[in-house]
Amino acid sequence: MDKHSIIKQLTETKVVAVIRGQHAEEAAQLSKAAIEGGIRAIELTYTTPQVEEVFKQLVNTDALIGAGSVLDSETARHAILSGAQFIVSPYFVEGVAKLCNRYGIPYMPGCMTIREMATALEAGCDILKLFPANTIDPSFIKSVNGPLPNVRLMPTGGINLDNMKDWLRAGAVATGIGSELNKAFKSGGYKAAVELSEKYMQKIAE
C-alpha cells in the first residue's frame with residue numbers, strides 16, 4: 001500500500017487506537033480486541049517492551065498497523081522493517097521525517113504551535129498529531145486552519161466517546177484514542193475492549 005492510500009484509509013477510518021502494553025502480549029490482545037471491535041488503524045507504541053513481537057502477531061490483519069512514541073530515525077527504521085505502515089512521534093523529529101519520506105511512509109509528529117506545524121508541513125508531513133489535545137478546545141482547529149488551511153490534524157490525548165465527534169465536526173481528519181481502551185481492558189478484559197471499540201465505531205457512523 002502506497003503512502004497516499006495509507007493516508008486515505010487513516011482519514012476514512014477516523015479512529016486510531018493507540019496501544020500501550022505493559023508487555024507484548026497485553027499489547028497484542030488489546031490490538032486484536034480493537035480490530036475485532038471494528039477499528040482499522042492501530043498505533044503500537046515503542047513504550048511497549050518487545051513491541052516487534054506485537055507487529056509479528058498482527059501481520060495478517062486487515063487493519064493499518066503503525067508505530068508510535070518514535071523518537072529517532074533508528075527506531076523509525078526498526079518500526080518500518082517490522083511492518084509499520086505509518087510513524088507517529090510526540091513531537092517533530094527532522095531525521096524521522098527524512099527517513100519516512102525516503103521510504104514513502106506517512107509521518108505524523110505531535111505539534112501544538114503554528115511554528116511547529118509549519119515546520120512539519122515543510123518537512124512533508126501530511127497529517128499532524130495535535131497533542132496533547134486534552135489541554136485545548138476543538139475550536140482550536142478552526143483557528144489553526146485560518147493561517148494554515150492545508151493543515152490536517154489528528155487530536156490525541158483525552159479523546160473519548162463524549163468528545164470525539166466534537167473534534168471531527170471541528171475539522172479533525174481522525175482521532176487517536178488510547179487511555180479509555182486501556183482502562184476497559186484492565187477492568188473488563190478482552191471482551192470489554194472489543195465492546196468499547198464497537199461503541200467508537202458506532203459513534204462514527206451516527
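Predicted model: local features only at pLDDT ≥ 70, side-chain atom pairs only at ≥ 80, totals over all residues.
Residues are numbered from 1 along each chain as its sequence is written, and side-chain values use heavy atoms, with hydrogens and water left out.

**View 1. Strands β2 and β3 pair in the parallel sense.** Strand β2 covers residues 41-45, and five bridges join this strand to β3; two strands pair if DSSP finds at least two bridges between them. Helices (H or I, at least four residues) and strands (E, at least two) are DSSP runs, numbered from the N terminus. From β2 the chain crosses through helix α3 (residues 51-57) to β3 in a right-handed β-α-β crossover. Right-handed means that, with the strands pointing away from the viewer, the path from the first strand over the helix to the second runs clockwise. Strand β3 (residues 64-68) is mostly covered, with five of its five residues buried. Buried denotes under 20% relative accessible area, exposed over 50%, and partly exposed in between (1.4 Å probe, protein chains only). L64, G66 and G68 point one way from β3, while I65 and A67 point the other way.

**View 2. I42 lies in the largest nonpolar core.** This core has 60 residues, of which I42, L44, I87 and M117 touch the most other members. Helix α9 (residues 179-205) gives the most to this core, contributing nine residues. A nonpolar core is a set of buried Ala, Val, Leu, Ile, Met, Phe, Trp, Tyr and Cys residues joined through side-chain atoms within 4.5 Å. Leaving aside neighbours within four places in sequence, the contacts of I42 (heavy atoms within 4.5 Å) include I19, L64, I65, G66 and F86. A second, separate core of 13 residues includes L10, A41, M154 and V173.

**View 3. R77 is found in helix α4.** Helix α4 spans residues 73-82. R77 counts as partly exposed because its relative accessibility is 37%. Apart from neighbours within four places in sequence, R77 is in contact with L99 and Y103. Its C-alpha atom is separated by 9.7 Å from that of I87, ten residues apart along the chain.

**View 4. The largest pocket is lined by 13 residues.** V18, R20, T156, G178 and S179 lie nearest its centre. The elements that give two or more residues to the lining are β8 (175-177) and α9. The volume of this pocket is about 200 Å³. On a 1 Å grid over the protein atoms alone, a pocket is an open set of points where a 1.4 Å probe fits, with protein on both sides within 12 Å along at least five of seven lines; lining residues have an atom within 4 Å of a point. Grid points are joined across faces, edges and corners, and a volume is the space filled by probe spheres set on the points.

View 5. Most residues other than glycine have a negative phi, and most peptide bonds are trans.
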